[in-house]
Amino acid sequence: MATKVYRVDGMTCQHCVKAVSDELAQVPGVAKFDVNLDTKLVTVDGDSLDDGAIVAAIDEAGYEALAVTE
Ligand SMILES: [Cu+2]
């Protein structure tokens, strides 16, 4: 299981969180995720996570995701 963290700017309310969550839930390999409105950080857990697919899903919700290197 791997964990990836993204910074997603522009999320301002629970509606934004839900939009991002709905898209992330459809990405293959994603087992679990957390969308934090305060820190603007999106944490994704799963197997064989595809960076491109995750960024595309967040883009689909209307936000730009920037991978955070730990
Ligand atoms: Cu919102």
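Reply: Helices and strands are here taken as DSSP runs, of at least four residues (H or I) for a helix and at least two (E) for a strand, numbered from the N terminus. The coordinates come from a predicted model.

Me: Which pattern does the chain follow, read along the sequence?

Reply: Counted as DSSP runs, the elements of the chain are two helices and four strands. Taken in their order along the sequence, they give the pattern β-α-β-β-α-β.

Me: How many degrees does the arc span within which the buried residues of α2 fall, seen down the helix axis?

Reply: Helix α2 covers residues 51–61, and Ile54, Ala57, Ile58 and Ala61 in this helix are buried, each having 20 or more other C-beta atoms within 10 Å of its own. Viewed down the axis of α2, these buried residues line one face of the helix, because they fall within an arc of 95 degrees.

Me: Which elements do the buried residues of α2 pack against?

Reply: Packing is judged here by contacts, that is, by C-beta atoms lying within 7 Å. By that criterion, the partners of the buried residues of α2 are β1 (2–9), α1 (14–24), β3 (41–46) and β4 (64–68).

How values were computed. Residues numbered from 1 in each chain as written. Predicted model: local features only at pLDDT ≥ 70, side-chain atom pairs only at ≥ 80, totals over all residues. Buried ≥ 20, exposed ≤ 12 C-beta atoms within 10 Å, placed from the backbone. Arc of directions from axis to C-beta. Contact = placed C-beta atoms within 7 Å.
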